[in-house]
Amino acid sequence: MLFGRGREQAVIDRLLADVRLGRSGALVLRGEAGIGKSALLDYAAAAAGDGVRVLRGAGVEPEMELPFAGLHLLLRPALEGIGRLPAPQAEALRGALGLVPAPGKDLFLVGLAVLTLLADLAERCPLVCLVDDAHWLDHASAEALLFAARRLEAEGVALVFAARDDDRPFPAPGVAELRLAGLDAAAAAELLAERAADLSPRVRDRILEDALGNPLALLELPATLSPAQRRGELPVQAVGLGEVTASSRLRQTFGDRVAALPGGTGALLLVAAADDTGRLDVVLEAARRLGASLADIAPAETARLVRVTDGRLVFRHPLIRAAVYQNAPVTLRLATHRALAESLDGHADDADRRAWHLASAATGPDEDTAAALERCAEHARTRGGYAAVAAAYERAAQLTPARLDRGRRLVAAATAALDAGWWRRATELAEAAIPDLEDPPALARAAQVRAAVATAEGRPRAAHALLTDAAGMLTGRDDDTAAAMYAEATTAAWLAADFAAAAACARRAAALRPRPAGNAGRLVRAAPEPARPAAEEPPRSWAWLHDMLEGLRDHGRPLGLQQRARVAIWDLVFGDDDTAYERALTIEYECRAQGAVGVLPTALALTARSQIVRGLHRDASASAEEGLRVARDTGQRQVAAYLTGVLAYLAALEGDEDRCRALTERIGEVRDLAARELRLLTLNLLDVALGRYEAALRRDEEEYGDAAPDVRVVMALHRAGDVVEAAVRVGRSDIARTVSEWWSEWAAHTRQAWAQAVALRCRALLASGREAERYYAEAVRLHQRGDRPFERARTELLYGEWLRRAGRRADARRELRSALEIFERLGARPWADRARAELRATGERRVGSGRQAGGLDRLTPQELQVIRLAATGLSNRQIAARLFLSPRTVGYHLYKAFPKLGVASRRELAGLDLGRAP
């Protein structure tokens, strides 16, 4: 029976009721030690009832550096289900759990495998997963379980974590939380009366006052009193929970009880506390080396400190384990870890545990132990546990006697920390390595880590400096790597809008002699010659930058998905829409096929931007929504900002001002040049769409009024159409003419029909008479050769307006009808309203009030993705693998989508026009 937890029990009851109905949910119980989290997990297990399967696991403090240890503990009873997973997921999960040797996979593919496994188990009966002490989960297990928890929807799975507030943090963004406070006075008194009825009133009041409603304190503190104290015949010292945390006071209480046990029992408990397996054979083998035996367990069982279950020695509460370990003298702890390491010697499956015990027993530098930890790190890498790799390499470095080896291991730790997303720690480790490094390649690797963090944090200028210096160190030693680093440095300089630095970097790359082969060789051959600086005007510099970046693709060593995605971004920057779209779809497809969840958000950002320029706005919204969901799940803050920018741009185009401004505020949380430009581009489009031309020009001036001329040129290029139109409308022909000239020069370098058409449109806005008509007519002709339907419609709208003012109403109607049709198809409401008004002004009597919403318009972005894949004949399981969902969630989306489309089965989908095929 739980006392005073009616509200918390009701929350759990609702979660269990949903699970029985096939709905899913996740919850984190938070509170101090002893507050009743484990009791609520016990309640959930009992209340689940017949017909509901319960899996239980826990974080174990000594296992925090062993990747996927917590996940293995939870899933151990259900491992037979791995064989039914899609092959990439099964391989990733088996490798993560150490069931088979496997190369490292995308870390988040393990989370997807967990989601699919839990959904498969729930197909047979509802499933409840309970994870105690989640704050002690190893990083890899926590990431995988939280990834699954955030994507639960319609599987019939409940995932409940319990985590302490006063220990290692357990951040769980996107998962509901329930914070537990102490019991109220009435419930505390009832609990104490139930469990310690023999206390005198005065002693009972003292316990109630000092326990502060902590249930474990109410249960355990009376046990510290003698019979005379319980009767009130002897004074009771203040238990003092008001001055110290409950966990520390209870830990001391348990420590006192352990200290009263026989010496052999204390030694055996210390071994069990230091061990992370709980296996009785391991504990007894190590305990025998310290003079203890099986018989020494009995006093601890009698004192209700431990129990033996299924061949494992289990502490009754985590605070007991902490008390045993932390109250032991250092010498005994060192001896205990040595005994455990010796007992595990020769056991290949326990090599990692042995390495960590050796490290815990070390009192100074020890190369053998450091080497064992390095092997442990590399083993963790094959399982995708980058946090564990970083921890093992860092501890190995601390134990390394040789300076250069210590520096090398610190760099390896920094690289792994970067892979794990620990930016600050990666920087700290890389900086700590520098004094111990002499080898230029090692120094360069440290610089690359720091540069990657700087780029991720929106500091491209710092990244450029680090990469340039590192490339300089490698020049003459490894010119191939030096050239690639110069290319990265050039990109960083470009992002920092330091075009002089970008040109200087390119000249350094071109000066490498002899020029390297492969990717880097192609790259430096594209750079300007040292004697001929890059063009002074930024638009011209795009040509050589394009060639340099092109050198990174499809030549020499094959690039990984992440690298290809980063390079492919430049296709959009250079206006090469067809190439951008094809490469984006290819990278997205490969991410799905390989289960590369971590790269998928970047790929979807590319896809969504490509879809926007091609007029596939529904597709772009679906891609961006999915990418944003995965980016949040995987902690990719920068990519999430870019995807938010896609959604904000679509809202601006649709004239949804409230949504647009809310989304652009989120973009502003990331402070790099690309995010800043996305925000400005979006708000300018919104203002121009709503006729607020002064506001658009004023914002541009506020953002870049003090910037260097070259910076203003390049930034204006992204918004040239908006800036020129706004400037013409308010009579600022000087601004319009300057930006129009910049755009025309850039468009000539791109050789893209749509870009040249926009250049002609800008000229037409500044011209008059036949010259204006010639520009407009040529622009419309060029638009018909390329994509970017929105830009085409804008040109036709402006041309139609010009023709109407010239008194040529019949000609104007032709252009305005075409523009209106495109705007309505794209959902660009303010632009459609403007075209409709112009048509009426030409005398057109029947002007439609807008396109009627069809079935596709009523689908959510995720329903649209699911429906399209289902129409190709894929099963729910195949669709789930593509979209990183569970099969049950796919079925749920189909169930909701069918009525919206007016169909009753998958077979009918083939006859529908669903737009772009996946």
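1. Start with residues 552-557. Their pLDDT stays under 50 in this predicted model. The model still gives this stretch 17 contacts beyond four places in sequence.

2. Now the chain overall. Its mean pLDDT is 84. Of its residues, 89% reach 70 or more.

3. Next, the sheet. Five strands form an open sheet, in the order E2-E3-E4-E1-E5. The pairing is parallel. Which strands sit at the edges? They are E2 (53-58) and E5 (176-179), and each pairs on one side only. From one strand to the next, the twist averages 20°. In general, strands of a sheet pair through backbone hydrogen bonds.

4. Look at one pair in detail. Strand E1 covers residues 25-31 and runs parallel to E5. How many bridges join E1 to E5? There are four. Take Arg30 as a case: its bridge partner in E5 is Arg179.

5. Helix H2 (residues 37-48) lies across E1, E2, E3 (127-132) and E4 (157-164). H2 runs at about 165° to E3.

6. Finally, helix H19, residues 386-398. Its 13 residues reach 18 Å from the first C-alpha to the last. That is close to the 18 Å expected at 1.5 Å a residue. Is H19 mostly covered or mostly open? It is mostly covered, with eleven of its 13 residues buried. Among the buried residues are Tyr386, Val389, Tyr393 and Glu394. Several alanines are buried too, including Ala387, Ala388 and Ala397.

How values were computed. Residues are numbered from 1 along each chain as its sequence is written. This is a predicted model: local features need pLDDT of at least 70, side-chain atom pairs count only at pLDDT 80 or more; totals for chains, interfaces and linings use all residues. Side-chain values use heavy atoms; hydrogens and water are left out. pLDDT is the predictor's confidence in each residue, from 0 to 100. Contact means heavy atoms within 4.5 Å. Two strands pair if DSSP finds at least two bridges between them. Helices (H or I, at least four residues) and strands (E, at least two) are DSSP runs, numbered from the N terminus. Axes are lines fitted to C-alpha atoms, for helices over the stretch in contact, and angles run from 0 to 180 degrees between N-to-C directions. The expected span of a helix is 1.5 Å times one less than its number of residues. Buried means under 20% relative accessible area, exposed over 50%, partly exposed in between (1.4 Å probe, protein chains only).
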